[in-house]
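Hi everyone, thanks for making time. I'd like to walk you through some side-chain packing and a few ring pairs, so let's bring the structure up.

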Amino acid sequence: MPIDHLQIAGVRNLKSVVIEPSPTINIISGINGSGKTSILESIHLLGLARSFRSAKIQPVIMHGENACTVFGRLENGNPLGIQRLVDGELLIKYAGKRLFSVADLASKLPLIVITPDTFQLLSGSPSLRRQFIDWGVFHVEHNFLTYWKNTRKVLKQRNNLLKNATITSPQVVSWDITLVENANKVDQFRALYLNQLKEVFHQIVDKLINISDLSLSYYRGWDKEKDYSEILKLNFQKDKKFGFTSLGPHKADLKIKVGNKLATDVLSRGQQKIIVCALKIAQGLLYLKQIQRPCIFLIDDLASELDQHFRNNICQLLENSGAQVFITVIDTDSIINSWKDKSKVRLFHVEHGQVKEMQP
(Lines give C-alpha, C1' and ligand atoms only; values in the text may rest on other atoms or scores of the structure.)
Protein backbone atom coordinates (compact mmCIF):
# COMPACT_ATOMS: atom_id res chain seq x y z
CA MET A 1 0.00 0.00 0.00
CA PRO A 2 1.82 3.19 -1.16
CA ILE A 3 2.40 6.10 1.20
CA ASP A 4 1.02 9.39 -0.14
CA HIS A 5 1.94 11.55 2.86
CA LEU A 6 4.91 11.15 5.22
CA GLN A 7 5.86 13.02 8.40
CA ILE A 8 9.04 12.36 10.41
CA ALA A 9 10.07 13.86 13.74
CA GLY A 10 12.94 13.04 16.07
CA VAL A 11 14.77 10.57 13.81
CA ARG A 12 18.56 10.97 13.92
CA ASN A 13 19.64 14.30 12.38
CA LEU A 14 16.47 14.89 10.36
CA LYS A 15 14.64 18.13 10.95
CA SER A 16 10.85 17.95 10.94
CA VAL A 17 10.05 16.28 7.59
CA VAL A 18 6.79 16.54 5.67
CA ILE A 19 6.71 15.20 2.11
CA GLU A 20 4.19 13.92 -0.43
CA PRO A 21 5.86 10.92 -2.10
CA SER A 22 5.13 9.68 -5.59
CA PRO A 23 3.14 6.43 -5.63
CA THR A 24 5.90 4.99 -7.80
CA ILE A 25 9.47 6.35 -7.90
CA ASN A 26 11.05 8.55 -5.23
CA ILE A 27 14.72 9.51 -5.50
CA ILE A 28 16.36 10.92 -2.38
CA SER A 29 19.73 12.58 -2.96
CA GLY A 30 22.35 14.02 -0.65
CA ILE A 31 25.96 13.65 0.40
CA ASN A 32 26.98 11.02 2.91
CA GLY A 33 25.80 11.98 6.38
CA SER A 34 23.13 14.36 5.10
CA GLY A 35 20.26 12.22 6.41
CA LYS A 36 18.97 10.62 3.22
CA THR A 37 19.25 7.06 4.56
CA SER A 38 17.40 8.21 7.69
CA ILE A 39 14.32 8.76 5.53
CA LEU A 40 14.41 5.09 4.49
CA GLU A 41 15.05 4.18 8.12
CA SER A 42 11.97 6.18 9.14
CA ILE A 43 9.77 4.34 6.66
CA HIS A 44 11.20 1.08 7.98
CA LEU A 45 10.21 2.18 11.49
CA LEU A 46 6.72 2.93 10.22
CA GLY A 47 6.38 -0.57 8.77
CA LEU A 48 8.28 -2.72 11.26
CA ALA A 49 8.75 -0.62 14.41
CA ARG A 50 12.53 -0.99 14.19
CA SER A 51 15.52 0.26 12.25
CA PHE A 52 17.45 -1.69 9.63
CA ARG A 53 20.63 0.09 10.76
CA SER A 54 20.57 -0.44 14.52
CA ALA A 55 19.28 -3.18 16.80
CA LYS A 56 18.63 -0.55 19.51
CA ILE A 57 16.24 2.37 19.29
CA GLN A 58 18.35 4.87 21.24
CA PRO A 59 20.77 5.69 18.36
CA VAL A 60 17.79 6.27 16.05
CA ILE A 61 16.22 8.95 18.26
CA MET A 62 17.59 12.46 17.77
CA HIS A 63 20.04 13.51 20.48
CA GLY A 64 18.24 15.35 23.24
CA GLU A 65 14.79 13.99 22.31
CA ASN A 66 12.94 11.31 24.26
CA ALA A 67 11.04 9.85 21.29
CA CYS A 68 10.84 9.60 17.53
CA THR A 69 7.57 9.67 15.60
CA VAL A 70 6.72 8.65 12.04
CA PHE A 71 3.31 9.17 10.49
CA GLY A 72 2.12 8.09 7.07
CA ARG A 73 -1.14 8.32 5.22
CA LEU A 74 -1.63 5.30 3.02
CA GLU A 75 -3.12 5.44 -0.44
CA ASN A 76 -6.38 3.96 0.86
CA GLY A 77 -6.74 7.02 3.09
CA ASN A 78 -5.98 5.25 6.35
CA PRO A 79 -3.43 6.91 8.68
CA LEU A 80 -0.59 4.86 10.14
CA GLY A 81 1.63 6.15 12.92
CA ILE A 82 4.35 4.89 15.20
CA GLN A 83 6.19 6.36 18.16
CA ARG A 84 9.26 4.89 19.83
CA LEU A 85 10.52 6.21 23.17
CA VAL A 86 14.08 6.09 24.43
CA ASP A 87 13.05 3.58 27.09
CA GLY A 88 11.77 1.24 24.36
CA GLU A 89 8.06 1.92 24.75
CA LEU A 90 6.14 1.48 21.51
CA LEU A 91 2.89 3.05 20.35
CA ILE A 92 1.30 2.03 17.03
CA LYS A 93 -1.93 3.38 15.58
CA TYR A 94 -3.71 2.47 12.36
CA ALA A 95 -6.96 4.06 11.17
CA GLY A 96 -7.44 5.62 14.60
CA LYS A 97 -7.06 2.36 16.51
CA ARG A 98 -4.10 1.14 18.53
CA LEU A 99 -2.23 -1.94 17.32
CA PHE A 100 -0.48 -4.11 19.89
CA SER A 101 1.33 -6.46 17.50
CA VAL A 102 4.28 -5.68 15.26
CA ALA A 103 3.06 -8.50 13.02
CA ASP A 104 -0.20 -6.59 12.49
CA LEU A 105 1.85 -3.50 11.67
CA ALA A 106 4.02 -5.38 9.16
CA SER A 107 0.96 -6.62 7.31
CA LYS A 108 -0.20 -3.01 6.75
CA LEU A 109 3.03 -1.83 5.14
CA PRO A 110 5.01 -4.64 3.46
CA LEU A 111 8.59 -3.48 2.93
CA ILE A 112 11.45 -4.96 0.92
CA VAL A 113 14.85 -3.51 1.78
CA ILE A 114 17.98 -3.46 -0.38
CA THR A 115 21.05 -1.97 1.30
CA PRO A 116 24.78 -2.72 1.04
CA ASP A 117 24.25 -5.16 3.95
CA THR A 118 21.52 -6.99 2.02
CA PHE A 119 24.17 -8.48 -0.23
CA GLN A 120 25.15 -10.75 2.66
CA LEU A 121 22.03 -12.72 1.77
CA LEU A 122 24.24 -15.03 -0.30
CA SER A 123 27.40 -15.07 1.79
CA GLY A 124 26.03 -14.55 5.28
CA SER A 125 24.39 -16.76 7.88
CA PRO A 126 21.55 -19.15 6.94
CA SER A 127 19.37 -17.14 9.36
CA LEU A 128 19.38 -14.28 6.82
CA ARG A 129 18.03 -16.59 4.14
CA ARG A 130 15.41 -18.03 6.50
CA GLN A 131 14.26 -14.48 7.24
CA PHE A 132 14.03 -13.86 3.50
CA ILE A 133 11.85 -16.93 3.00
CA ASP A 134 9.72 -16.26 6.06
CA TRP A 135 8.99 -12.68 4.94
CA GLY A 136 7.30 -14.04 1.83
CA VAL A 137 5.42 -16.80 3.65
CA PHE A 138 4.23 -14.44 6.41
CA HIS A 139 2.59 -12.07 3.93
CA VAL A 140 0.77 -14.88 2.11
CA GLU A 141 -0.10 -17.55 4.66
CA HIS A 142 -1.98 -16.07 7.61
CA ASN A 143 -1.51 -19.20 9.76
CA PHE A 144 2.25 -19.32 9.24
CA LEU A 145 3.11 -16.98 12.11
CA THR A 146 1.22 -19.14 14.61
CA TYR A 147 3.06 -22.32 13.58
CA TRP A 148 6.37 -20.45 13.45
CA LYS A 149 5.91 -19.08 16.98
CA ASN A 150 4.81 -22.47 18.30
CA THR A 151 7.89 -24.11 16.78
CA ARG A 152 10.24 -21.60 18.41
CA LYS A 153 8.49 -21.99 21.77
CA VAL A 154 8.63 -25.79 21.78
CA LEU A 155 12.24 -25.81 20.57
CA LYS A 156 13.19 -23.58 23.49
CA GLN A 157 11.41 -25.85 25.96
CA ARG A 158 12.93 -28.99 24.44
CA ASN A 159 16.41 -27.47 24.55
CA ASN A 160 15.97 -26.62 28.22
CA LEU A 161 15.06 -30.26 28.90
CA LEU A 162 18.08 -31.50 26.94
CA LYS A 163 20.38 -29.58 29.28
CA ASN A 164 19.18 -31.83 32.12
CA ALA A 165 21.75 -34.63 32.45
CA THR A 166 19.13 -37.13 33.69
CA ILE A 167 16.60 -36.57 30.90
CA THR A 168 15.57 -39.63 28.90
CA SER A 169 14.07 -39.99 25.45
CA PRO A 170 10.55 -40.94 26.66
CA GLN A 171 10.46 -37.77 28.76
CA VAL A 172 10.65 -35.53 25.70
CA VAL A 173 8.14 -37.48 23.60
CA SER A 174 5.23 -35.14 24.32
CA TRP A 175 7.36 -32.13 23.33
CA ASP A 176 8.52 -33.95 20.21
CA ILE A 177 4.94 -34.61 19.09
CA THR A 178 4.07 -30.92 19.34
CA LEU A 179 7.34 -29.90 17.72
CA VAL A 180 6.86 -32.26 14.76
CA GLU A 181 3.31 -31.04 14.15
CA ASN A 182 4.31 -27.39 14.01
CA ALA A 183 7.65 -27.93 12.27
CA ASN A 184 6.01 -29.84 9.43
CA LYS A 185 3.57 -26.99 8.87
CA VAL A 186 6.38 -24.42 8.80
CA ASP A 187 8.28 -26.63 6.35
CA GLN A 188 5.27 -27.07 4.06
CA PHE A 189 4.63 -23.34 3.89
CA ARG A 190 8.29 -22.59 3.17
CA ALA A 191 8.62 -25.26 0.49
CA LEU A 192 5.49 -24.09 -1.32
CA TYR A 193 6.65 -20.47 -1.26
CA LEU A 194 10.10 -21.32 -2.63
CA ASN A 195 8.58 -23.31 -5.48
CA GLN A 196 6.52 -20.29 -6.45
CA LEU A 197 9.45 -17.89 -6.06
CA LYS A 198 11.78 -19.94 -8.29
CA GLU A 199 9.81 -19.26 -11.46
CA VAL A 200 9.65 -15.51 -10.89
CA PHE A 201 13.31 -15.38 -9.85
CA HIS A 202 14.54 -17.07 -13.03
CA GLN A 203 12.45 -14.72 -15.16
CA ILE A 204 14.10 -11.74 -13.44
CA VAL A 205 17.62 -13.16 -13.63
CA ASP A 206 17.28 -13.86 -17.34
CA LYS A 207 16.60 -10.15 -17.90
CA LEU A 208 19.65 -9.09 -15.90
CA ILE A 209 22.50 -11.53 -16.48
CA ASN A 210 23.39 -14.78 -18.21
CA ILE A 211 24.53 -17.37 -15.67
CA SER A 212 24.12 -20.95 -16.81
CA ASP A 213 23.12 -23.70 -14.35
CA LEU A 214 21.98 -21.19 -11.71
CA SER A 215 19.55 -22.83 -9.30
CA LEU A 216 17.61 -22.25 -6.09
CA SER A 217 16.92 -25.16 -3.78
CA TYR A 218 15.35 -25.44 -0.35
CA TYR A 219 16.93 -27.35 2.54
CA ARG A 220 14.31 -27.85 5.21
CA GLY A 221 16.73 -28.44 8.08
CA TRP A 222 16.73 -32.25 8.13
CA ASP A 223 16.98 -35.22 5.73
CA LYS A 224 14.22 -34.92 3.14
CA GLU A 225 13.93 -38.71 3.03
CA LYS A 226 13.06 -39.05 6.72
CA ASP A 227 10.18 -37.95 8.94
CA TYR A 228 11.11 -35.31 11.48
CA SER A 229 9.90 -37.53 14.33
CA GLU A 230 12.43 -40.15 13.26
CA ILE A 231 15.18 -37.52 13.08
CA LEU A 232 14.48 -36.41 16.64
CA LYS A 233 14.66 -39.98 17.94
CA LEU A 234 17.86 -40.80 16.05
CA ASN A 235 19.59 -37.62 17.25
CA PHE A 236 18.40 -37.65 20.85
CA GLN A 237 21.74 -38.70 22.38
CA LYS A 238 23.64 -36.19 20.26
CA ASP A 239 21.17 -33.44 21.13
CA LYS A 240 21.40 -34.33 24.81
CA LYS A 241 25.20 -34.21 24.69
CA PHE A 242 25.27 -30.71 23.22
CA GLY A 243 22.14 -29.43 24.97
CA PHE A 244 20.18 -28.30 21.92
CA THR A 245 18.12 -29.69 19.03
CA SER A 246 20.58 -30.07 16.17
CA LEU A 247 18.15 -30.48 13.26
CA GLY A 248 14.83 -28.95 12.39
CA PRO A 249 13.18 -25.94 10.72
CA HIS A 250 15.51 -23.65 12.68
CA LYS A 251 18.30 -25.00 10.45
CA ALA A 252 16.50 -24.48 7.14
CA ASP A 253 18.37 -22.75 4.33
CA LEU A 254 18.05 -21.47 0.80
CA LYS A 255 20.79 -22.88 -1.42
CA ILE A 256 21.83 -20.74 -4.39
CA LYS A 257 24.14 -22.75 -6.65
CA VAL A 258 25.85 -22.62 -10.02
CA GLY A 259 26.00 -26.23 -11.11
CA ASN A 260 27.04 -28.18 -8.02
CA LYS A 261 28.86 -25.30 -6.34
CA LEU A 262 27.59 -22.55 -4.09
CA ALA A 263 27.14 -19.27 -5.93
CA THR A 264 29.46 -17.52 -3.46
CA ASP A 265 32.29 -19.85 -4.50
CA VAL A 266 31.82 -19.22 -8.23
CA LEU A 267 30.38 -15.78 -8.88
CA SER A 268 32.13 -12.42 -8.64
CA ARG A 269 31.01 -9.91 -6.04
CA GLY A 270 29.25 -7.93 -8.76
CA GLN A 271 27.37 -10.99 -9.99
CA GLN A 272 26.35 -11.86 -6.44
CA LYS A 273 24.87 -8.38 -6.01
CA ILE A 274 22.80 -8.84 -9.14
CA ILE A 275 21.52 -12.20 -7.88
CA VAL A 276 20.48 -10.64 -4.57
CA CYS A 277 18.69 -7.81 -6.38
CA ALA A 278 16.90 -10.41 -8.51
CA LEU A 279 15.82 -12.33 -5.40
CA LYS A 280 14.43 -9.19 -3.78
CA ILE A 281 12.63 -7.97 -6.88
CA ALA A 282 11.22 -11.45 -7.51
CA GLN A 283 9.90 -11.46 -3.96
CA GLY A 284 8.13 -8.16 -4.59
CA LEU A 285 6.62 -9.34 -7.87
CA LEU A 286 5.42 -12.59 -6.30
CA TYR A 287 3.83 -10.60 -3.48
CA LEU A 288 1.97 -8.51 -6.06
CA LYS A 289 0.80 -11.63 -7.87
CA GLN A 290 -0.42 -13.32 -4.69
CA ILE A 291 -1.89 -10.38 -2.77
CA GLN A 292 -2.91 -8.18 -5.71
CA ARG A 293 -1.26 -5.10 -4.30
CA PRO A 294 2.34 -3.87 -4.51
CA CYS A 295 4.86 -3.69 -1.69
CA ILE A 296 7.27 -0.83 -1.01
CA PHE A 297 10.96 -1.02 -1.92
CA LEU A 298 13.54 0.81 0.22
CA ILE A 299 16.84 0.91 -1.68
CA ASP A 300 19.89 2.53 -0.14
CA ASP A 301 22.73 3.69 -2.39
CA LEU A 302 22.08 1.45 -5.39
CA ALA A 303 24.30 3.57 -7.63
CA SER A 304 27.43 2.67 -5.68
CA GLU A 305 26.74 -1.05 -5.88
CA LEU A 306 26.10 -1.60 -9.62
CA ASP A 307 27.36 -0.21 -12.89
CA GLN A 308 25.14 1.87 -15.18
CA HIS A 309 23.98 -1.04 -17.34
CA PHE A 310 22.68 -3.16 -14.48
CA ARG A 311 21.41 -0.08 -12.68
CA ASN A 312 19.23 0.80 -15.67
CA ASN A 313 17.89 -2.75 -15.95
CA ILE A 314 17.04 -2.97 -12.25
CA CYS A 315 15.36 0.43 -12.28
CA GLN A 316 13.21 -0.60 -15.24
CA LEU A 317 12.18 -3.81 -13.45
CA LEU A 318 11.21 -1.78 -10.40
CA GLU A 319 9.31 0.72 -12.51
CA ASN A 320 7.42 -2.02 -14.34
CA SER A 321 6.53 -3.72 -11.04
CA GLY A 322 4.19 -0.88 -10.10
CA ALA A 323 5.69 -0.81 -6.59
CA GLN A 324 6.41 2.35 -4.67
CA VAL A 325 10.18 2.83 -4.56
CA PHE A 326 12.30 5.01 -2.28
CA ILE A 327 15.88 5.04 -3.49
CA THR A 328 18.85 7.03 -2.17
CA VAL A 329 21.74 8.35 -4.25
CA ILE A 330 24.56 10.81 -3.76
CA ASP A 331 24.09 12.33 -7.21
CA THR A 332 20.79 12.22 -9.12
CA ASP A 333 22.66 12.24 -12.44
CA SER A 334 23.67 8.63 -11.78
CA ILE A 335 20.07 7.42 -11.85
CA ILE A 336 17.66 10.05 -13.19
CA ASN A 337 17.82 8.70 -16.76
CA SER A 338 17.17 5.11 -15.68
CA TRP A 339 13.38 5.59 -15.69
CA LYS A 340 11.20 5.47 -18.78
CA ASP A 341 8.38 7.64 -17.44
CA LYS A 342 10.01 10.56 -15.65
CA SER A 343 6.63 12.16 -14.97
CA LYS A 344 6.13 9.64 -12.15
CA VAL A 345 9.49 10.39 -10.54
CA ARG A 346 9.77 12.74 -7.57
CA LEU A 347 13.11 14.08 -6.40
CA PHE A 348 13.96 14.99 -2.83
CA HIS A 349 17.24 16.52 -1.74
CA VAL A 350 18.54 16.21 1.82
CA GLU A 351 21.05 18.67 3.23
CA HIS A 352 21.94 19.03 6.92
CA GLY A 353 18.82 17.07 7.85
CA GLN A 354 16.46 19.26 5.84
CA VAL A 355 14.44 17.77 2.97
CA LYS A 356 13.31 19.74 -0.07
CA GLU A 357 11.47 18.52 -3.16
CA MET A 358 13.31 19.25 -6.41
CA GLN A 359 12.18 19.39 -10.03
CA PRO A 360 13.10 16.31 -12.17
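Start at Ile27: setting aside neighbours within four places in sequence, its contacts are Ile327, Val329, Thr332, Ile335, Ile336, Trp339, Val345, Arg346, Leu347 and Phe348. Please keep in mind that this is a predicted model.

Ile27 also belongs to the largest nonpolar core, which has 64 residues. Which members touch the most others there? They are Ile27, Phe201 and Ile275. As background, nonpolar side chains in soluble globular proteins tend to be buried together.

Now for the rings. How many aromatic pairs does the model have? The count is five. One of them joins Phe144 and Phe189, with 6.2 Å between centres and 80° between planes, an edge-to-face arrangement. Phe144 sits in helix H5, residues 144-162, and Phe189 in helix H6, residues 173-208, so this pair ties together parts that lie 45 residues apart in sequence. Are these two buried or exposed? Phe144 and Phe189 are both buried.

Why do we call Trp222 and Tyr228 stacked? Their ring centres are 4.4 Å apart and their planes meet at 25°, under the 30 degrees limit, so the pair counts as stacked. Trp222 and Tyr228 are buried too.

Back to Phe144 and Phe189 for a moment: ring pairs link them with Tyr147 into a cluster.

Definitions and conventions
Residues numbered from 1 in each chain as written. Predicted model: local features only at pLDDT ≥ 70, side-chain atom pairs only at ≥ 80, totals over all residues. Heavy atoms only, no water. Core = buried A, V, L, I, M, F, W, Y, C linked by side-chain atoms within 4.5 Å. Buried < 20%, exposed > 50% of the residue type's maximum accessible area, 1.4 Å probe, protein only. Contact = heavy atoms within 4.5 Å. Phe/Tyr/Trp six-rings, centres within 6.5 Å; stacked < 30°, edge-to-face > 60°. Helix = DSSP H or I, 4+ residues; strand = E, 2+ residues; numbered from the N terminus.
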